[in-house]
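Let's take a friendly walk through this protein, one region at a time. Keep the structure open beside you as you read.

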Amino acid sequence: MQHLSGLDATFLHLETAQMPMHVGGLHLLDLAPSKHAGFAAAVRLHVAARRHLASLFSKTLVPMPFAIANPVWVEQDDVDLDYHIRALTLPKPGTPTQLDACVARLHAELLDRARPLWEFYVIKGLQSGQIALYVKLHHAALDGQGAIALAHALLDVSATPRAVEPPTRTSAPQTEPPITALLGATLRDTVSQCVKLVKGVPTALKVASDLLRSREGGDDAGDARNANWLTELSFAPKTLLNVTIGKRRAFAGVTLPLDEAQRIAQAFGATLNDVVLALVSGALRNYLIAHAGLPQQTLVAAVPVSLRAAGDQQQNNQVSMMLVKLASDEADPVARIGAIMQASAGMKKTLSSVKSVMPTEFPSLGLPWLMRAMVALYGRAHLAETLPTIANVVISNVTGPRVPLYLAGARMTADYPVSIVTHGLALNVTVQSYAGALDIGVIACRQTVPDLRKFAACVRDAHAELMACAPFAVAAPAPKRRAPRSAAAGVGKPARRVAPARGRVTA
């Protein structure tokens, strides 16, 4: 029996029918046509042989009596893989647009909390002749880095699966604990978390004191950067994206060459994360201009950041969020990426100062009632439209494997993340680097962003704009990449004339 951390449980308490709190991925796989029919069964056998390598596959939630505190995880020995790994076939012709619509529909459905919180869907009938695998995992069980650890357990570096040591049973299968054990565990966990919070107060006070001192004028350049960040901290402007969302989802995938993004970063002296922020900023700028909704004030991105220590392989949440101004009010893409670099550097400096005191654990007694009531009120009262906006969009960048990977003998050619949207944040852009490409997954509330294909095209245009602005825009062509799934028409016009982008857009 293992208590959920305060951060893990938050994703359970925030969940409603309009705001599912699972993350996922859309994977495209190359497989011989003769093996398509039996691939779902092959995946079940593959997962069955490796289920012991990842606790996510077998841990199940056990709620506290009357939901007075966070639930606990209990290992379930008998997992119905026929339920968790399903097969479906797209109607003809099986276009990328149909696949994206299928993913959007599946992603809008809640996971069954009476079972382990994961589902796999093997999707056949693709026009390309490939197989797709859509994966859905609850965020209460793992974060982005935890998902990568899970992938390492399932995936191989060759078409021949590696040998895996069989599980060793050291104890009897766990059963649901009695009420007295649950209540006792809750009391012990609450006391333990209170003690940890009290012990952390001196460190937290020192960090707060240093930040306040830097705002009043520090002694070094680091203090000055903190002072600038604190002085400029403000609410984000309202946009058409910052509203109460509905149940339906829209999804689109975009693939861009990783080496081009790296060349852009090198040309501007930026990080790859800065380039990702600039891509989304440029795309949002063009998209909102096309909808007559670009604010004069810069947009702000909520950017997840990992708190995980090096080498930590735990499959839980160790993540926080930082806010970065996107300089969307700047028409010049060169000035825009420069402003983003400065804002990102200042935020990273501040984050490094407070990272050690950011809590992922806190007392949970009574927390489920309080959080569920607050979330219900926020949605029903449409407070996203009336309360100040902290951020306009969520942007996440995850470093993935550099080499092609295989699942049950099938080569994975693309890995699009599928993340979460919430009331007030109707658009989420998550980027994963994989095997020489940037695979970008865009998820949105469908009623808020009904034309997500156009935003996906704007991402492509923003990439072309940065390539054209960089000194190497007409350099030697990049190596041949995997074929595009589809192309979508551009939206809006960039501030400068741009060269054609290499890559692909799917929507």
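## A word on "buried"

A residue is called buried here when its relative accessible area is under 20%, and exposed when that value is over 50%. Please bear in mind that this is a predicted model.

## The overall picture

The secondary structure of the protein comprises twelve helices and 16 strands. Of its 507 residues, 52% are buried. Among contacts between residues at least 6 apart in sequence, 79% join residues at least 24 apart.

Let's begin with strand β14, which spans residues 427-434. How many of its residues are buried? Eight of the eight are, so the strand is mostly covered under the 20% cut-off. Leu427, Val429, Val431 and Ser433 point one way from β14, while Asn428, Thr430, Gln432 and Tyr434 point the other way, and all are buried.

In general, strands of a sheet pair through backbone hydrogen bonds, in either a parallel or an antiparallel sense. With strand β11 (residues 393-398), β14 pairs in the parallel sense over five bridges, and there Val398 stands opposite Gln432. With strand β15 (residues 437-445), β14 pairs in the antiparallel sense over eight bridges, and Val431 stands opposite Ile440. The hairpin of β14 and β15 has two residues between the strands, and Ala435 takes a positive phi near 50° in this hairpin.

## A closer look at Ser433

Ser433 has its place in strand β14. Is this residue buried or exposed? Ser433 counts as buried because its relative accessibility is 8%, below the 20% cut-off.

What does Ser433 touch, apart from residues up to four places away in sequence? The list is Leu258, Val398, Thr399, Gly400, Pro401 and Leu438. With Gly400 there is also a polar atom pair to look at: a polar atom of the Ser433 side chain lies 3.0 Å from the backbone nitrogen of Gly400.

## Two helices that pack together

Leu258, one of the residues that Ser433 touches, falls within the range of helix α8 (residues 258-268). This helix packs with helix α12 (residues 452-469) at an angle of about 45°, and the two axes are 10 Å apart. The two helices are therefore oblique to each other, and α8 passes α12 in a left-handed crossing. On the α8 side, the contact is made by Glu260, Ala261, Arg263, Ile264 and Phe268, and on the α12 side by His463, Leu466, Met467 and Cys469.

## A three-stranded open sheet

Elsewhere in the model, an open sheet of three strands has the order β1-β4-β3, with antiparallel pairing. Why is one side of β1 and of β3 left without a neighbour in the sheet? β1 (2-3) and β3 (59-62) stand at the edges, so each has a single partner strand.

β3 and strand β4 (residues 72-75) pair in the antiparallel sense over four bridges. In this pairing, Lys59 has Glu75 of β4 as its bridge partner.

## Met21 in its loop

Our last stop is Met21, in the loop between α1 (6-13) and β2 (22-30). Met21 counts as buried because its relative accessibility is 3%.

Leaving aside neighbours within four places in sequence, Met21 is in contact with Phe11, Leu14, Glu15, His138, His139, Ile420 and Thr422. Met21 and His107 are 86 residues apart along the chain, and their C-alpha atoms are separated by 9.8 Å.

Definitions and conventions
Residues are numbered from 1 along each chain as its sequence is written. This is a predicted model: local features need pLDDT of at least 70, side-chain atom pairs count only at pLDDT 80 or more; totals for chains, interfaces and linings use all residues. Side-chain values use heavy atoms; hydrogens and water are left out. Buried means under 20% relative accessible area, exposed over 50%, partly exposed in between (1.4 Å probe, protein chains only). Two strands pair if DSSP finds at least two bridges between them. A polar contact is a pair of N or O atoms within 3.5 Å; within protein, one must be able to donate a hydrogen and the other to accept it, and residues adjacent in sequence count only if both atoms are side-chain atoms. Contact means heavy atoms within 4.5 Å. Axes are lines fitted to C-alpha atoms, for helices over the stretch in contact, and angles run from 0 to 180 degrees between N-to-C directions. Angles under 35 degrees count as roughly parallel, over 145 as roughly antiparallel, 65 to 115 as roughly perpendicular and the rest as oblique. A crossing is left-handed if the near helix is turned anticlockwise from the far one by less than a right angle, and right-handed if clockwise.
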